[in-house]
Amino acid sequence: AGRLKERIPQPPLEKKVQINFWDGMFGVLRNKYLLINTIVGLIDSLGNGMLAITQIVYLYTFRLSGLPYTIIVNLISFAGTPPDLLSPYFLKRFSYKQIMIFYQLSRAIGNVIIAVAMWTLGDNLALCGTICVVVLFFMEMTKTVPTTAGHDMGVRVNDYQMYLSGERRES
């Protein structure tokens, strides 16, 4: 392994282009799509560090641990894999706007169903738990395609930024 050479071309540090902070800021302000994504990312980051509803449901509400906890977490985590494999079809069939509207609506409806189930069926732990797990399964299924669309749109927004400014503003 010691005889291998790194063959990825890297420019010398003195030739690396440094982008001024304010040039980058004003570049973001000129690109409304990048500005919207930046604001959304900042607002979304306010929720970082909070426990996810799934952890609250599994651990604290239903007191799951061991095998039942492992099975449910793996089942819900796997729910996004089949739609993720079909992402290219959905990205060709629907626009980014349609995908994101569907994503936000499915999220809102799912969270309302979970809240109503916990509020009205809180005493019936088995029924409330089943409803929550099924809804969380479908919410996980509807999350992967919008995530892929978001990554695709991020690439397009950066290309648009390069089109506006004539240079790449990302490192």
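Modeller: Start with Gly154, which is found in helix 9. The model is a predicted one. Buried would need a value under 20%. Now look across the fold from Gly154. Tyr33 lies 121 residues away along the chain, yet the two C-alpha atoms are separated by 9.2 Å.

The chain has 171 residues, and 21% of them are buried.

Next, the layout. The protein chain has 9 helices and 0 strands. Read along the sequence, the pattern is α-α-α-α-α-α-α-α-α.

Helix 9 (144-165) gives two or more residues to its lining, as do helix 7 (96-120) and helix 8 (125-141). Which helix gives the largest share? Helix 7 does, with 3 residues. The pocket has a volume of about 220 Å³. Walk along its lining in sequence order. You meet Pro83, Phe90, Phe94, Gln98, Ile99 and Phe102. Then come Phe138, Met141, Thr142, Val145 and Pro146. By class, 9 of these lining residues are nonpolar and 2 are polar. None is charged.

Helix 8 has another partner to look at. Its axis and that of helix 4 (residues 66-78) come within 8 Å. The two axes cross at roughly 35 degrees. Which residues meet there? From helix 4 come Ile72, Leu75, Ile76 and Ser77. From helix 8 come Val133, Leu136, Phe137 and Glu140. The residues of this contact divide into 6 nonpolar, 1 polar and 1 charged. So there is a charged residue in this contact, by the class rule that counts Glu as charged.

Last, confidence. The mean pLDDT of the protein chain is 79. A value of 70 or more is reached by 76% of its residues. Among the elements, helix 6 (residues 87-93) has the highest mean, 90. Helix 3 (residues 53-61) has the lowest, 63. Where pLDDT is low, the predicted coordinates should not be read in detail.

How values were computed: Residues numbered from 1 in each chain as written. Predicted model: local features only at pLDDT ≥ 70, side-chain atom pairs only at ≥ 80, totals over all residues. Heavy atoms only, no water. 1 Å grid on protein atoms, 1.4 Å probe; cavity = no way out; pocket = protein on both sides within 12 Å on 5 of 7 lines; lining within 4 Å. Points joined across faces, edges and corners; volume = space filled by probe spheres on them. Helix = DSSP H or I, 4+ residues; strand = E, 2+ residues; numbered from the N terminus. Axes fitted to C-alpha atoms, helices over the stretch in contact; angles between N-to-C directions. Contact = heavy atoms within 4.5 Å. pLDDT = per-residue confidence, 0-100. Buried < 20%, exposed > 50% of the residue type's maximum accessible area, 1.4 Å probe, protein only.
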